[in-house]
Amino acid sequence: MTVLDTRALGRATLARQLLLDRADIPVHDAVAHLGGMQAQEPQEPFVGLWSRLRAFEPTALSELLTGRRVVRTHLMRRTVHLVTADDVLAWRARHDAMLRGRVLGTYRRELDGVDLDELAAAGRAVMADGEPRSMSELARAVADRWPAPGPRALGEMLVAALIPMAQLPPRGLWRTRAGVRNAPLSTWLGREIDPPAPHGSDPVGETLVRRYLAAYGPAASADLRAWCGLAGLPAAVAAVREELVAFRDERGRELLDLPDAPRPDPETPAPVRFLPAFDNAILGYHDRGRIIDDAHRGLSVAGARVVLVDGRVAATWSVEAGTVTVTPLRRLSRADRDAVTEEGRALASFLSDHDSDRVRVAPPPC
């Protein structure tokens with residue numbers, strides 16, 4: 001079985017994630033290809049798409065949100081993602097048990113004794129008037145019946161798990177600050193969520209396997225689970241296994257992939273790319289060593305924005321008053337520093353509507 005080293009896996013990830021060459025595809029298609037984009041920080045997906053698409057116009061994403069073709073919702077790993085309307089309607093029921101389990105993992109004691117089906121019915125009755133609500137407003141509306149858990153536990157369970165919700169615009173629009181207002185997905189999209197598959201079948205799970213490998217492969221089953229948060233996918237992997245090819249990584253793990261998916265030469269040059277906080281190019285794996293050193297792994301869950309140099313995390317970045325500041329994690333060569341500065345100028349211009357292209361690269365660590 002062919003062994004793929006870290007560099008080969010990194011180049012494959014860059015290619016699948018549209019980070020090796022910027023893609024000339026519509027924003028909707030990019031969100032679909034990526035299987036959704038992590039989006040709990042509302043403005044971060046704009047940077048993620050700018051780094052992946054040629055001539056990206058942020059208004060295109062805003063129009064998809066207001067046009068109800070893309071939604072913000074709790075889905076993979078119980079985190080807020082940007083997902084196409086078609087995908088969330090097809091996938092949401094498959095995530096129900098995981099979402100309930102993850103909320104209970106945080107609030108099991110508070111919710112002890114609460115019948116979750118009754119809580120869901122009460123929440124739906126409140127939302128039936130068609131008025132969008134914040135999580136706290138919905139929780140307060142049912143708190144008289146369940147006073148003990150407190151509004152946070154009730155609200156999280158209702159909004160993140162029991163009632164499939166969309167976070168409505170203006171939340172998530174370009175250059176817009178807005179609180180979270182929720183409405184049921186079926187109300188917002190005008191279509192019902194696909195029902196669960198008959199017992200013993202898992203067509204959504206099989207789709208998730210294929211879609212994940214298209215955007216993240218080659219990858220192990222543990223990586224797939226880390227991306228979506230679903231534990232019950234071994235049967236889906238087994239069902240599509242004959243469609244797939246297998247490799248091993250340097251640790252001996254089996255990696256699966258689509259046979260015709262891109263696996264570039266490991267020596268393919270990789271351009272500098274600026275990634276937003278919580279980008280799935282990093283978080284979408286259990287083993288993130290293909291793109292980030294173990295010593296810096298904590299950055300990926302701490303919300304740090306990172307810079308890829310030669311396909312690996314080599315710096316963090318921030319922006320203030322129109323200036324992009326890059327803080328290297330290691331010493332950069334002169335050529336790498338120049339490339340980081342050039343890409344940073346382009347990012348500063350994008351973020352400031354062309355008012356600034358200021359970049360500061362901090363000294364490397366001692």
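**Pockets, cavities and helix contacts**

Modeller: The largest share of the lining of the second largest pocket comes from H5, with 4 residues. The model is a predicted one.

Colleague: Which helices each supply at least two residues of the lining of that second largest pocket?

Modeller: The second largest pocket has a volume of about 320 Å³. Its lining has 19 residues, and the closest to its centre are Arg 124, Leu 162, Ile 163, Pro 164 and Ile 193. The helices that each give at least two residues to this lining are H5 (85-107), H6 (116-127), H8 (151-162) and H9 (185-189).

Colleague: How many residues of the lining of the second largest pocket are nonpolar?

Modeller: The lining of the second largest pocket holds 6 charged residues and 1 polar residue. The nonpolar class has 12.

Colleague: Are H5 and H8 roughly parallel or roughly antiparallel?

Modeller: The axes of H5 and H8 lie 8 Å apart, and the two helices pack at an angle of about 165°. Angles over 145 degrees count as roughly antiparallel. H5 is therefore, relative to H8, roughly antiparallel.

Colleague: Is the crossing of H5 and H8 left-handed or right-handed?

Modeller: On the H5 side the contact includes Arg 92, Leu 99 and Arg 100, and on the H8 side it includes Arg 152, Glu 156 and Leu 162. By class, the contact of H5 with H8 has 9 nonpolar, no polar and 4 charged residues. The crossing of H5 and H8 is right-handed.

Colleague: How are H6 and H7 oriented to each other, roughly parallel or roughly perpendicular?

Modeller: H6 packs against H7 (residues 135-142) at an angle of about 115°, with the axes 10 Å apart. The range 65 to 115 degrees counts as roughly perpendicular. H6 and H7 are therefore roughly perpendicular.

Colleague: Which residues of H7 make the contact with H6?

Modeller: The crossing of H6 and H7 is right-handed. From H6 the contact uses Leu 119, Ala 122, Gly 123, Val 126 and Met 127, and from H7 it uses Leu 138, Ala 141 and Val 142.

Colleague: How many residues of the contact of H6 with H7 are charged?

Modeller: The contact of H6 with H7 has 7 nonpolar residues and 1 polar residue. In the charged class there are none: the number is no charged residues.

Colleague: What is the volume of the largest pocket, and which elements give two or more residues to its lining?

Modeller: About 430 Å³ of space lies in the largest pocket. Its lining has 15 residues, and nearest its centre lie Gln 43, Glu 44, Arg 175, Arg 177 and Arg 305. The elements that give two or more residues to the lining are H3 and strand E11 (312-320).

Colleague: How many charged residues are in the lining of the largest pocket?

Modeller: The lining of the largest pocket has 7 nonpolar and 2 polar residues. The charged class has 6.

Colleague: Which helix gives the most to the lining of the second largest cavity?

Modeller: The second largest cavity, with a volume of about 70 Å³, has Val 209, Tyr 212 and Leu 224 among its lining residues. Two or more lining residues come from each of H10 (203-216) and H11 (221-228). The helix that gives the most, with 3 residues, is H10.

Colleague: Which residues of H11 meet H10, and are the two helices roughly parallel or roughly perpendicular?

Modeller: H10 and H11 pack at an angle of about 100°, with their axes 11 Å apart. From H10, Leu 208, Val 209, Tyr 212 and Tyr 216 meet Asp 223, Leu 224 and Trp 227 of H11. Angles of 65 to 115 degrees count as roughly perpendicular, and H10 and H11 are therefore roughly perpendicular.

How values were computed:
Residues numbered from 1 in each chain as written. Predicted model: local features only at pLDDT ≥ 70, side-chain atom pairs only at ≥ 80, totals over all residues. Heavy atoms only, no water. 1 Å grid on protein atoms, 1.4 Å probe; cavity = no way out; pocket = protein on both sides within 12 Å on 5 of 7 lines; lining within 4 Å. Points joined across faces, edges and corners; volume = space filled by probe spheres on them. Nonpolar A, V, L, I, M, F, W, Y, C, P; charged D, E, K, R; others polar. Axes fitted to C-alpha atoms, helices over the stretch in contact; angles between N-to-C directions. Parallel < 35°, antiparallel > 145°, perpendicular 65-115°, else oblique. Left-handed = near helix turned anticlockwise from the far one by under 90°. Contact = heavy atoms within 4.5 Å.
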